[in-house]
Amino acid sequence: MAGSSIAAGIFRSSPWAIWRSDEPAAATKLVVATKGAPEAVFDLCHLDAARAAIWRGRAEEFATNGLRVLAVAHGRIDASTSVAHPHEVEFALDGLVAFE
């Protein structure tokens, strides 16, 4: 995803980044991305219990094979919006990243 980074920081223990999209249709929107412990990111995405259980199972499968697991999510906010807490962003889960 192309674009120019405009901010990065930490919401408590969740790293996040914000950038302006190059997509003309999204000119007034900023993209917010986060990554972190699966349970924390699942909570930010407000997953229902069934979906969270499926994703938790996938994360546990990677972890039992000795891999470190992170969840990744993104959302969009209006460029004029000030975000004080990550739960103010409507995050969508992108998936899991597993590595040694």
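## Aromatic rings

Searching the whole of this predicted model turns up zero aromatic pairs. Here the rings of Phe, Tyr and Trp (its six-membered ring) pair if their centres lie within 6.5 Å, and planes under 30 degrees apart count as stacked, over 60 as edge-to-face and the rest as tilted.

Trp55 does have a charged neighbour: Arg58 lies over its face, 4.6 Å from the ring centre. A charge sits over a ring if NZ of Lys or CZ of Arg is within 6 Å of the ring centre and within 35 degrees of the ring normal.

## Salt bridges

Side chains of opposite charge can pair when their charged atoms come close. With a salt bridge defined as a side-chain nitrogen of Lys or Arg within 4 Å of a carboxyl oxygen of Asp or Glu, the count is two.

## Buried or exposed?

Lys29 is partly exposed at 30% relative accessible area, and Asp78 is partly exposed at 36%. Buried means under 20%, exposed over 50%, and partly exposed in between (1.4 Å probe, protein chains only).

## About the model

Residues are numbered from 1 along each chain as its sequence is written, and side-chain values use heavy atoms, leaving out hydrogens and water. In this predicted model, local features need pLDDT of at least 70 and side-chain atom pairs count only at pLDDT 80 or more, while totals for chains, interfaces and linings use all residues.
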